[in-house]
Amino acid sequence: MEGMMKAYALCIFCNVCYGVYNIISKVSLDNGMSSYVLVVYGHVFATLTTALLALLFERKTHAKISMVILRDILVLGILGSVLGRTLFYVGLKDTSPAVASALTNLIPSMTFVLAFLCRMEPLDISKHSAQAKVGGTVIALAGATLMTLYKGCVLISPHSAYHPQHTGTSKPQLNKDWIKGCVMILVSYLSLSAFVILQIFTVKRYPAPITLTSLTCLSGTLLSAIMAAALDHKASSWRLSWDMSLVAVLYSCCGNSANSCWFVFNIMGKEKGEGKEIDGGYNTSSMHRNEIRKITTHKCGY
């Protein structure tokens, strides 16, 4: 019971940090920070932080890196950095932190659908739990569609004091940039859901979660650096100053580290508490289902 309460507390803490991070990132992007460079710097600091944690806690872990593990690390870097984080920043630039936080509720639903397609999550529609999952997925999708396609009248605006005549008569307008931003965020969350699914498989093959997180961040750093060099040719974009851009980079590092700590706590707790020996190995199918149930219950960003 105590371990479960710690997991809940850590998930809540990660979500609070994630909400604050959306606001800081939005301010940084509006001030001219390149979304591609922000991904690179965030992963550089996250790589260094998780590498230090790996040296402290996993020095005695002798896990071998095979070609399969290297392939998974490369794909994790693509899903988490190139697609997940970059598309999120591009979408956040055209929307708002509130929308980005609200659409995060789709991650458990997307993870559940992907897990079902990968045959990691059974679905017996006659059971109430399965009906609740399907119903929650439909409601989450309907809410995301409403947030994307509908933008109501302005109630409170910093410009209302100067233009009071527009506050009551303004009509909702469908902004193409707003829709594009929401679609970008949705695609990034779909990528992060696939990231979670693949990470569950990979951490079973490579039982050193912190080292795996560090290698994944390193893969994301290299891939995002190549993408940033190809898409952003301005040398000034790489310059950091003592303003919100530096805060966003450091907070990105803290966010990645916090979520990796949640994932490590979740995986290791399940292995110790619910892993059962079958023919000298863990019952990984049961453990995979337990991981998906927990992820579809608590949303935590990458």
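## Basis of the model

The model is predicted: local features need pLDDT of at least 70, side-chain atom pairs count only at pLDDT 80 or more, and totals for chains, interfaces and linings use all residues. Residues are numbered from 1 along each chain as its sequence is written, and side-chain values use heavy atoms, with hydrogens and water left out.

## Overall make-up

The protein has 10 helices and two strands (DSSP runs numbered from the N terminus: H or I of at least four residues for helices, E of at least two for strands). From the N terminus, the order is α-α-α-α-α-α-α-α-α-β-β-α.

Of the 302 residues, 44% are buried (under 20% relative accessible area; exposed is over 50%, partly exposed in between; 1.4 Å probe, protein chains only). Among contacts (heavy atoms within 4.5 Å) with a separation of 6 or more, 87% join residues 24 or more positions apart.

## Ser237

Ser237 lies in the loop between helix H8 (209-231) and helix H9 (244-274). Ser237 counts as buried because its relative accessibility is 13%.

Leaving aside neighbours within four places in sequence, Ser237 contacts Ser34, Val37 and Asp232. The side chains of Ser237 and Asp232 are joined by a polar contact of 3.2 Å (a pair of N or O atoms within 3.5 Å; within protein, one must be able to donate a hydrogen and the other to accept it, and residues adjacent in sequence count only if both atoms are side-chain atoms).

## Val247

Val247 belongs to helix H9. With a relative accessible area of 38%, Val247 is partly exposed.
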